[in-house]
Amino acid sequence: MGAHEGAIGTALGDAAQGIEDAARLRRLQALTDAALAHLELDVLLPTLLLRTRDVLGVDTCAVLLLDHSTNELVARAAVGIEEEVEQGVRIPVGLGFAGRVAADRRPVILDDVDHADVLNPILREKGIKSMLGVPLLAAGQVLGVLHVGVLKHRRFDHDDVELLQLAADRAAIGIEHARAFEAERRARQRVEHVQAVTDAALAHLELDDLFGVLLPRIRDILGADTCAVLLVDETGDELVARAALGIEEEVEQGVRIPVGGGFAGRIAAEGRPVILPDVDHAHVLNPILREKGIKSMLGVPLVVAGEVLGVIHVGTLVHHTFTNEDVELLQLVADRVALAIERAQLHQQTVQLDQQKANFVAIASHELRTPATSVYGVLTTLLERDAQLSGELRRQLLEVGVEQGERLRRLLEELLDLSRLDASGVTVEPAPLPLARAVRKIASDALPGETAVELHVPDDLTVVVDRVVLDRIVSNLLINAARYGAAPIEVSAEMGETRFRLVVEDGGAGVSDAVRPRLFERFARTDSPNVGSGLGLAIARAYVRAHGGDLVYAPGERGARFELTIPQAVADQQIRVSAPDLTS
């Protein structure tokens, strides 16, 4: 009888164990279903935690995922201890309870939390008494930690450990699947974002229209609050705020940042992305950034064919950690934006050039018509009324015809100069030249005999310069001084270490402030009644720059003062002239 009862007891025990195992399998299956049913972590983790809590019969359950960039565990989801996530708890790997689980890659049990080594004060604040934690492992790599806790002391046994580890293994599978799905979705979104920027870049040729469409898209793509574009100015030394969103004051106040200085300046100088995790404690030159409350920033260079055109940056009003993916995405976008900017700038230059050509043709036609009409009138009068004209009147008509003919000849010669310069058809051939003797000859050829020129050039000063180019430059300056200025006209020169400087000045009233900004433009004229073609200074500057130097208006104590500098090239060296900018 006793044996029979023993057998029955064993059978009942086996049956109970079987029922328990079946229930356990069902609970594990429920975890597996949850792990495979959701592809988004924000949905997956709360579902897994609720089921894990029920399977283990515990009060709290939390998942911390490993941040490889900092080697810290970051609270990602929690049940019963939601404060871990809300407060952004971070635990260094190797320290505290969760840190030990991750570092040792094995389960850890805390029978008494009150007397255990834990870094997270929330655990004790919530009144948790006992805890069990296991690593989340996938392909031998630690993804994070899954831990449970109870509000009353409990001894977690081997079955609890095994069950939580099984749950963690299935959770790890779900996390891997969710991350793969998220990575694929981010990649797809990145392609869509880049394509959207590309489409916008190709759709607009005007910079204002381009930036108006692109900046909102870029801001939204990066999840930022501000976005701005700064372009390198014509000198290449400064960045100028060109467009902004959320920080429009940059453009309104005309912010300029030296290349190499501050946040944007570093990006342009180094040609690489820069992240500012904390703007309040970073070196920034633009006070508007802090005034607007921007906390974190990311900026990348705008580069085309190795040349930095400018900088594009985004910012957030709360502290934000920009990732490598953010940097890569913004750089991809910036590359397309840079191409669009270059395209828009080329379009703008083409439009301006077409307008300049149209204006040039119109003005040139007008300038040619005036002397041509005078010459034609003189010749017609002589032909039709020659017998009726007195000798004196005939001579006066001939003088007018010669004067207007000379004016027409000079204008045609100047237009031919401009044509050759525009077509890069001038070759500069520097050679040693005694400067004083050359300037004397230029002055005697260019000016009437009664026009006095005071020469302050050492007789032994020899410079390396193209004789024809020097003639074009100095003759134009002397003719301008005689036409618009007053005596005395002075020419001085001196040799520097690498270039010589020549100054032409007169004793007239000088150039008015209103005329100075367009002094070197084609057909620019002063208010003087002595009207010329308005091409002389444009041609002179073009020749100087073709020689590698520069010509500027440098006001002195009296009259108009023009200063040219030309570098000293090697004798007999030929320089093919590139088309200079005659409009600046």
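How many bridges join β4 to strand β5, and in which direction do the two run? There are 3 bridges, and the strands run antiparallel; one of the pairs is Val108 with its partner Gly133 in β5. (Strands here are DSSP E runs of at least two residues, helices are H or I runs of at least four, and both are numbered from the N terminus; two strands pair if DSSP finds at least two bridges between them.)

A quick word on what you're looking at. This is a predicted model, where local features need pLDDT of at least 70 and side-chain atom pairs count only at pLDDT 80 or more, while totals for chains, interfaces and linings use all residues. Residues are numbered from 1 along each chain as its sequence is written, and side-chain values use heavy atoms, leaving out hydrogens and water.

Now step back to the whole sheet. It's an open one of 6 strands, ordered β3-β2-β1-β6-β5-β4 with antiparallel pairing. β3 (90–92) and β4 (108–110) sit at the edges with a single partner strand each, so one side of each has no neighbour in the sheet.

Next, head over to Asn286, in the loop between β10 (274–276) and α10 (287–291). Is Asn286 buried or exposed? It counts as buried because its relative accessibility is 5%, and buried means under 20% relative accessible area, with exposed over 50% and partly exposed in between (1.4 Å probe, protein chains only). Setting aside neighbours within four places in sequence, Asn286 is in contact (heavy atoms within 4.5 Å) with Glu250, Val255 and Ile257.
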